[in-house]
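Q: I have a model open beside its sequence, and I would like to learn how to read it one feature at a time. Could we go through it together?

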Amino acid sequence: MKKSFFLIYLLSLIICNLSYTLHPYHVGSMEFNYNSKSKTFEITGRFFMDDLENALNKKYGKSVHFLDSKFKSEINKELEQYAKEYLRLKADNQFVKINYVGYEEDHESVNIYLESESLAVPKKVETAVSLLYNLFDDQMNIIHIVVNSERKSEKLAYPDRYLFKQF
C-alpha cells in the first residue's frame, strides 16, 4: 500500500515538473508616448513577472514577491531605484528627468509606469534601456517611441541599449 502511494506521488511530481516550463524568451517592452496635453512622456514598461522579480532579488539581495501584497512598498522602492539605474531619456540632446509612478500586476506580467518632466515637443529622442540586462544575456527589449501620433519602434538585444529616433 505504501509502495503504491509512493509511486503515485512520484509520478505526480514528475508530471507536475514536466508540465511546468519557464518561458523560453526573455523579452520586455518599453513605450515612450509623448502626451501633447501634459507635455510629458508617459512611459510604460511591460516585463514577465518572474523575470522582473528575479532581477530585483538579484540586484538588491532581498526576496520580494509580486503576488504578495506585503511586499508592495518594498517593490515600489526597488522598482524606482531600478528604473533610475537602467533607464535614461534624452530629448533634443538634453537629459529628461523620469519619475516613477507605480506598477501593476497583469496575469504573468508586470506593467511599470513612469512619467517624464515637462518638455517641448521633441524632434530628437534618445533612450538607454537595459532593464533585465543584469539578469539575462539574451534579453530583448522592444522600444516604442511615439511623438505626435508618429510611432517608431525597434528591438534592442543585449548588450545594445541605445536607441535614437528623429521626428
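A: Let us begin with the word contact, which means that heavy atoms lie within 4.5 Å. Keep in mind throughout that this is a predicted model. With that cut-off, and not counting residues up to four places away in sequence, Asp-138 touches His-26 and Tyr-158.

Q: Where does Asp-138 sit, and is it buried or exposed, or something in between?

A: Asp-138 is placed in the loop between strand 7 (124-129) and strand 8 (140-147). Since buried means under 20% relative accessible area and exposed means over 50%, the value of 40% for Asp-138 makes this residue partly exposed.

Q: What joins the side chains of Asp-138 and His-26?

A: The side chains of Asp-138 and His-26 are joined by a polar contact of 2.7 Å. Distance along the chain and distance in space should be read separately, as another pair shows: Asp-138 and Pro-159 are 21 residues apart in sequence, while their C-alpha atoms are 8.4 Å apart in space.

Q: How should I read the pairing of strands, and which way do strand 1 and strand 2 run?

A: The general idea is that two strands pair if at least two bridges are found between them. Here strand 1 (residues 27-35) and strand 2 (residues 40-48) run antiparallel and are joined by eight bridges.

Q: How many bridges pair strand 2 with strand 6?

A: Strand 2 pairs with strand 6 (residues 109-116) over seven bridges, in the antiparallel sense. In this pairing, Phe-47 stands opposite Val-110 in strand 6. As a general point for reading any sheet, the side chains of a regular strand alternate between the two faces.

Q: Which residues does Ser-109 touch?

A: Ser-109, which is also in strand 6, touches Arg-46, Phe-47, Phe-48, Met-49 and Glu-104, again leaving out residues up to four places away in sequence. With one of these, Arg-46, the side chain of Ser-109 makes a polar contact of 3.2 Å. Ser-109 counts as buried, because its relative accessibility is 9%.

Q: What is the general idea of a salt bridge, and how many are there by this rule?

A: Side chains of opposite charge can pair when their charged atoms come close. The rule asks for a side-chain nitrogen of Lys or Arg within 4 Å of a carboxyl oxygen of Asp or Glu, and by this rule the count comes to six salt bridges. One of them is formed by Glu-31 and Arg-151, whose closest N and O atoms are 3.0 Å apart. This pair links distant parts of the chain, because Glu-31 is in strand 1 and Arg-151 is in strand 9 (residues 150-157), 120 residues apart. Glu-31, at 24% relative accessibility, counts as partly exposed, and so does Arg-151, at 46%.

Q: Which residue forms a salt bridge with Asp-106?

A: Asp-106 forms a salt bridge with Arg-46, and the closest N and O atoms are 2.8 Å apart. Asp-106 is partly exposed at 25% relative accessible area, and Arg-46 is partly exposed at 37%.

Q: Which residues of helix 2 are buried, and what covers them?

A: Helix 2 (residues 49-60) has twelve residues and reaches 16 Å from its first C-alpha to its last, close to the 16 Å expected at 1.5 Å a residue. Its buried residues are Met-49, Asp-51, Leu-52, Glu-53, Ala-55, Leu-56 and Asn-57. The elements that cover them include strand 2, helix 3, strand 5 and strand 6. Just after helix 2, Gly-61 takes a positive phi of about 65°.

Q: Which residues have the most contacts inside the largest nonpolar core?

A: They are Phe-32 and Phe-41, in a core of 40 residues. Helix 3 (residues 72-86) gives the most to this core, with five residues.

Definitions and conventions:
Residues numbered from 1 in each chain as written. Predicted model: local features only at pLDDT ≥ 70, side-chain atom pairs only at ≥ 80, totals over all residues. Heavy atoms only, no water. Helix = DSSP H or I, 4+ residues; strand = E, 2+ residues; numbered from the N terminus. Core = buried A, V, L, I, M, F, W, Y, C linked by side-chain atoms within 4.5 Å. Buried < 20%, exposed > 50% of the residue type's maximum accessible area, 1.4 Å probe, protein only. Polar contact = N/O pair within 3.5 Å; in protein donor to acceptor, adjacent residues only side chain to side chain. Expected span 1.5 Å × (residues − 1).
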